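Hello,

Here is the structure I promised to pass on to you. Please have a look at it first, and then read on for what turned up in it.

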Amino acid sequence: MNQDYFLSSLERTWAQLSQVAVHGAEYDSRERQPHPKCLEGTRVDLLDYIYRLLDNRGQNRLIWLHGTAGVGKSAVAFTVAERMRSLKVTEETNVEKRLAGTFFFSQKHTERCTTAYFFATLVYQLASNFPSIRADVSKSIRDNPALLDPSKSLRVQVETLFLQPLRGLHRRLRGCQPLTFIVDALDECTSEFELADLILSLARVLHEPDLPAIHILLTSRSELHICRTMENEEVRSLVCEIPATISGKGIGSIISLDSANVDNDIYIFLRHSFGQLGSRHLDFPQPSTEQLERLASRAGGRFIVASTMMKFIDNEDNDPYDQLMLMLELTSELLPGTEVFKFYDCILSTCADPKRAYLHLSVVAALTDPLPLSQISTLLGPSLGKDVETTLMQLRSVMDIPGDSTLPVNIYHSSIRDYVSDTLNCSLRHVHDMPSPHCLLAHSSFRLMMKGIPENTALLDALSQLETRSSAMERELPHILKRSLAFLIQPPGPLSVLSAILWLRGDRSSHSQSWLETVEGRNWLQTDAGQWWLLWTEAGKDWLLNTRAGKDWLLHGIGKEMLVGSEEDWLQDQDDQQTWVQAPGKQAWVQISGERSWMKTPSGRDWLQTSGVKDWLQTQDGRHWLHTPSGQFWLHTRDGRDWLQTPCGRDWLQTPTLVDWRQTQAGREWLQTQGAQDWLQTQAGREWLQTTGGRNWLQTLIGREWLRTQGGRNWLEGQDVQAALEEFSNTLEAMNGYIILPEMRLLPAFQVIQQFKNLPDFLMFPMFLALRHHHSTSASPSLFPIDEEIMHAMYTFTTFADEALERSRSASEALKYACRNWVVHLSRAPHPWDNKLDHIFHAFWNRRLLSWLELQWCLKGLQSCLVILSEGQKLAKVCISNHSCHSSWKLILLHSMSTVLSSSWTPFTCSPIKYNLLLFLTPKRRQCNHQHPRPPPKC
């Protein structure tokens with residue numbers, strides 16, 4: 001992404017939050033089109049009741065609207081959201097609305113069937129509605145970037161990411177109408193534990209003091225696990241449940257989704273829909289009142305049935321009147337209020353091949369992520385997928401099939417998923433003996449991966465070369481590595497980062513000093529460690545005075561300015577003093593006004609030019625004087641700016657009192673100077689940019705202009721470096737918690753994971769970078785001559801990584817889907833698996849798992865691989881423990897491992913691992929009582 005887009009660090013953090021927030025979960029997202037909405041004149045009593053609850057400024061409430069599938073819960077939620085969006089919090093604002101945020105769950109979308117992104121999504125909407133809290137939200141994320149990690153606990157996200165911004169609105173919204181959050185389809189969350197945790201978290205939010213008035217509207221089916229959570233002691237006192245009994249004019253009535261006037265609401269909906277149909281088909285005769293009443297009664301109080309009726313009739317490929325007559329005929333056999341599944345039977349019975357239609361409908365409903373028709377066909381293969389498009393086009397009344405073939409298809413309603421989840425729900429012939437859609441999708445995923453991912457050991461070979469070239473070195477904790485590489489300001493390549501790490505590890509030999517000529521090396525020279533090396537080590541002094549690179553750095557730019565004030569101590573034993581360039585402006589003093597009159601005298605001004613002044617400025621009196629008007633005026637002079645470039649000046653720039661100085665006119669003017677621009681590129685300057693004062697300055701006109709300069713763009717790119725380090729730290733944390741089962745340790749894929757885990761950190765991070773981003777391999781390892789063997793090994797690995805990343809980019813969407821979802825479908829396939837699925841899983845697990853690991857790593861990162869393999873190990877263990885299939889597993893394992901053993905992987909040859917593997921695969925022979933097992937051969 002173009003870095004010019006980011007005008008401030010606040011906006012950059014805001015962009016990060018925007019990337020994590022699930023925009024498809026917002027009530028009016030394009031992903032949810034067509035939006036279900038209550039037609040004007042329908043659901044009047046129910047909506048009025050909800051609006052009265054939302055207008056109540058008393059106790060914060062969880063308003064729980066629940067009912068059976070298809071009765072219109074989502075339509076009510078959308079309609080309420082529209083109304084709240086139209087209401088202002090106060091009359092004085094046109095931006096801030098009462099709708100604070102929405103999240104519509106859906107099992108059709110991976111990010112909407114979990115609570116992992118829930119609070120990030122709500123906070124993004126909340127801060128969009130109330131721009132005044134955006135800075136607080138950004139600060140919370142900058143202080144703890146892991147808040148945006150989907151694996152972060154809800155409790156931490158609630159407290160830091162959600163409650164703090166809400167507390168910031170408490171005073172402003174005192175006396176205003178309550179805010180409204182709307183959460184639809186709780187039952188679509190696939191984890192009952194996650195959902196219970198979410199409901200409890202929302203209840204705790206509403207119990208919090210010092211918050212503005214808030215109501216949360218929840219909708220769901222009346223599932224048992226949801227009902228139990230609503231009965232929890234922390235939740236029960238907050239819940240206002242619908243259905244509810246209310247009284248008016250002495251007469252009790254029930255407010256619910258299934259009230260007595262629902263049939264009349266559906267009648268109004270049908271009459272309106274046929275009117276719209278008639279406006280597009282002028283020759284279409286409107287149905288009679290009796291026909292409308294019959295269709296309304298057959299809908300059984302379910303708006304989803306009425307909506308499906310209209311989609312069936314309003315079919316562009318058929319005459320709408322003929323479709324109306326067919327619908328009347330089909331529904332004539334249905335009793336009023338009959339189960340919705342019977343209605344879906346009627347829809348499928350109109351297809352050319354109802355059994356085939358059911359098969360493809362069940363597959364689409366079982367997909368964890370929607371796919372376009374062409375990719376569904378590719379996933380299913382030439383046999384099952386050949387007629388996907390022609391079959392599904394007959395089901396457009398229950399499926400959304402976009403005209404654009406690149407867009408995914410979707411079922412209209414979750415009741416379709418319920419319908420095809422069990423063949424017993426369907427009364428059509430020959431359906432009950434059909435295989436599970438998850439069996440079909442698991443088998444299809446394995447077939448496509450076996451075909452589309454070549455069998456190879458490239459990842460293992462490349463990693464093994466790195467391992468053999470590495471020497472035993474003390475490992476560093478991720479946060480130490482992150483701090484060590486803080487001087488990086490541009491996203492580095494693996495070779496460059498490896499050079500930096502090895503240099504920091506102590507390889508300071510003369511042949512390795514060419515690294516100092518790189519961008520990263522020059523950045524390091526600006527750090528305290530770099531300056532210490534230059535000033536106080538023989539190697540640093542020698543490089544500075546006796547190499548062309550050192551002299552160039554010394555004579556130009558920041559190298560000259562950085563060492564101002566240190567020349568006398570540093571050069572006192574040097575012969576070649578002519579190479580040093582004296583700091584300019586030592587005679588250009590101006591009159592100083594201040595508290596110390598002596599400073600105005602010629603002697604005082606002369607004294608300020610001496611080398612001893614730097615010692616005085618480090619005393620309490622000196623630092624105090626720097627904050628006086630005369631001291632601040634002096635800092636604004638050329639000599640003062642020069643002093644700010646010295647080590648003691650930079651130390652002073654890090655003192656807490658500095659923040660106040662930069663808020664002064666002198667400080668703001670200094671930040672516009674070239675000296676300040678250069679200082680901002682140092683480690684101290686970059687650290688200051690992360691402080692409150694620095695972030696505030698970045699939002700000023702001068703700060704925004706600086707961000708457009710090369711230095712500003714470099715700093716913004718440096719934030720990408722920190723993001724990579726944060727991701728690397730999270731990956732290592734996941735690795736440390738990952739357990740490889742004993743039965744799996746011999747498989748090449750798990751050998752890769754174990755070898756990566758055992759790598760020294762100076763190789764692990766560059767390898768991580770190589771597989772995380774595409775890097776050009778045009779840079780020869782000769783440009784980075786530190787430890788030539790290791791650099792060549794990393795160069796080889798980077799070349800492999802570039803090729804692997806290129807292959808991953810060319811993979812089809814169907815293959816990518818198979819790579820990330822095969823374990824989901826396999827785990828949901830009913831046990832025992834049939835022989836066909838069992839065999840292809842064995843073949844994939846033992847022959848293609850390593851190749852899959854390479855592709856998935858490039859696509860989604862190592863953490864995603866670990867999550868998939870964790871479940872995969874459990875499934876494979878079940879098969880291994882099954883005596884009937886144990887022999888076949890051994891045969892396939894022997895075939896796959898023999899490929900590795902016969903490859904050019906030298907470290908594996910003649911190793912104890914190889915010996916143990918062969919011992920595992922070879923049938924056991926009887927041994928005499930006195931004979932001991934042969935020890936493994938020694939390398």
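Pro832 is found in the loop between helix H45 (813–828) and helix H46 (835–847); helices here are DSSP runs of H or I with at least four residues, strands are E runs with at least two, and both are numbered from the N terminus. His831 and Pro832 are joined by a cis peptide bond, with omega about -5°. Another cis bond links Gln33 and Pro34, where omega is about -5°, and Pro34 sits in the loop between H1 and H2. Most peptide bonds are trans, and most residues other than glycine have a negative phi.

Before going further, please keep in mind that this is a predicted model, in which local features need pLDDT of at least 70 and side-chain atom pairs count only at pLDDT 80 or more, while totals for chains, interfaces and linings use all residues. Residues are numbered from 1 along each chain as its sequence is written, and side-chain values use heavy atoms, leaving out hydrogens and water.

The loop between H1 and H2 also holds Arg43, whose phi is positive, near 55°. Arg43 is buried, with a relative accessible area of 4% (buried is under 20%, exposed over 50%, partly exposed in between, using a 1.4 Å probe and protein chains only). Asp210 has a positive phi too, near 60°, and lies in the loop between helix H7 (192–207) and strand S4 (214–220).

Glu26 is in the loop between helix H1 (9–20) and helix H2 (44–55). Beyond its neighbours within four places in sequence, Glu26 is in contact with Arg32, Thr102, Tyr124 and Gln125 (contact means heavy atoms within 4.5 Å).

Next comes helix H6, residues 154–169, which spans 21 Å from its first C-alpha to its last. H6 has a kink of about 40° at Leu163, shortly before Pro165; the bend is the angle between axes fitted to the seven residues ending there and the seven starting there. Among the buried residues of H6 are Leu154, Phe162 and Leu169, and its buried residues pack against helix H4 (118–129), helix H5 (134–143), strand S3 (179–184), H7 and S4.

Finally, a word on confidence: mean pLDDT is 77, and 69% of residues reach 70 or more (pLDDT is the predictor's confidence in each residue, from 0 to 100). It stays under 50 over residues 1–8 and over residues 899–939. Where pLDDT is low, the predicted coordinates should not be read in detail.

Best wishes

Key. The expected span of a helix is 1.5 Å times one less than its number of residues.
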